[in-house]
Amino acid sequence: FPCLGLCLTVLLLVLIYLVYLLVGAAVFQALELEEEDRTKTEVWREKFRFLENYTCLTPEAVEQFVMIEALKHGVNPIGNSSTSAHSNWDFSSSFFFVTTVVTTIGYGNLSPSTAGGQIVCVFYALFGIPLNLVVLGLVGKHLSSHVENMRTCLKTLKVLTFSLSLLIGVLVFLLIPPLVFSAVEGWSYRESIYYSFITLSTIGFGDYVIGESYIFFLKQQQLVFIQYLSCRVMAQSA
């Protein structure tokens, strides 16, 4: 049963791949979360020290001024407490990070700041990127075998099959996902298509990244992104 053996091999590799991502997320969370908490405390101290020296400014004005930079460090400067529900290095954010590492997208909006995190990132990528390619290759081989079987049975419909596959691919990866990104992120449809293409091609400029809007604090966007990227990986492997 060669087909059964190939299926089991693919499933085993996909399982190893998922475990690798989950372990990586846990490792980076452990390495970076403490440093992020320290940065949060420093930012809050600087904020209140600044307000003490410049009493003409309101806390709201300072928060508006430092919002973008603070959020990059996992800090929500709104309110009077350094305790924030948002973190760049909780488990879901760490999983988002390792996914962009092994797929070589690398948006640049999130990166390790500790020495340990940077060293681990190097070795994690050295093993993770080849693992990603191996999984893609085997999944692609498995899917291709099914496609070839269909083509053998439908020789007279090759053009129709190709056209239908192309249409489905365009709809699933370039036309429908931008509708979701547009609704979640508030981007225009043109910007969402641009983001989808940059992500699919693994260019990853970093000018558009899901979760940058501090209203959503990354959670919903990361879930959408990971689901979208999973589908994209499966399609690219074929």
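Just after α6, Thr202 adopts a positive phi of about 60°. Helices here (H or I, at least four residues) and strands (E, at least two) are DSSP runs, numbered from the N terminus. The structure is a predicted model, in which local features need pLDDT of at least 70 and side-chain atom pairs count only at pLDDT 80 or more, while totals for chains, interfaces and linings use all residues. Residues are numbered from 1 along each chain as its sequence is written, and side-chain values use heavy atoms, with hydrogens and water left out.

Helix α6 covers residues 189–200. From first C-alpha to last, its 12 residues reach 16 Å, close to the 16 Å expected at 1.5 Å a residue, where the expected span is 1.5 Å times one less than the number of residues. Glu191, Ser192, Tyr195, Ser196, Ile198, Thr199 and Leu200 are buried in α6; buried means under 20% relative accessible area, exposed over 50%, and partly exposed in between (1.4 Å probe, protein chains only).

Taken as a whole, the protein has seven helices and zero strands, and the elements run α-α-α-α-α-α-α from the N terminus on. Of its 238 residues, 36% count as buried. Among contacts (heavy atoms within 4.5 Å) with a separation of 6 or more, 68% join residues 24 or more positions apart. In an unreviewed entry, UniProt lists residues 117–139, 159–181 and 193–217 under "transmembrane region"; the positions are given in the numbering used here, feature names are shortened, and annotations may be inferred rather than shown by experiment. Over residues 117–139, the model is 100% helix and 0% strand, with the end C-alpha atoms 31 Å apart.

Attention now turns to the interior. A nonpolar core is a set of buried Ala, Val, Leu, Ile, Met, Phe, Trp, Tyr and Cys residues joined through side-chain atoms within 4.5 Å. The largest such core has 20 residues, of which Leu21, Phe28, Phe97, Val98 and Tyr124 touch the most other members. Two or more residues of this core come from each of α1 (2–53), α3 (91–102) and α4 (115–153), and α4 gives the most, with seven residues. The core lies between domain 1 (1–67) and domain 2 (85–235), because both give residues to it; the domain bounds come from an automatic or database domain assignment. Phe28 illustrates the packing: leaving aside neighbours within four places in sequence, Phe28 is in contact with Leu33, Trp89, Ser94, Phe97, Val98, Gly117, Val120, Cys121 and Tyr124. A second, separate core of eight residues includes Tyr107, Phe181, Val209 and Ile210.

Within α3, Thr100 is buried, with a relative accessible area of 7%. A polar atom of the Thr100 side chain lies 2.6 Å from the backbone oxygen of Phe97. An α-helix has 3.6 residues a turn, so residues three or four places apart point the same way.

The loop between α3 and α4 holds both Thr104 and Ser113. Thr104 is partly exposed, with a relative accessible area of 40%. Ser113, for its part, is in contact with Glu32, Glu35 and Gln118, leaving aside neighbours within four places in sequence. Ser113 and Glu32 are 81 residues apart along the chain, yet their C-alpha atoms are separated by 7.2 Å.

Glu34 lies in α1 and is exposed, with a relative accessible area of 63%; its C-alpha atom is separated by 9.2 Å from that of Trp89, 55 residues apart along the chain. Asp37, also in α1, is partly exposed at 38% relative accessible area. Between Asp37 and Trp89, the C-alpha to C-alpha separation is 9.8 Å, with the two residues 52 apart in sequence.

Key:
Polar contact = N/O pair within 3.5 Å; in protein donor to acceptor, adjacent residues only side chain to side chain.
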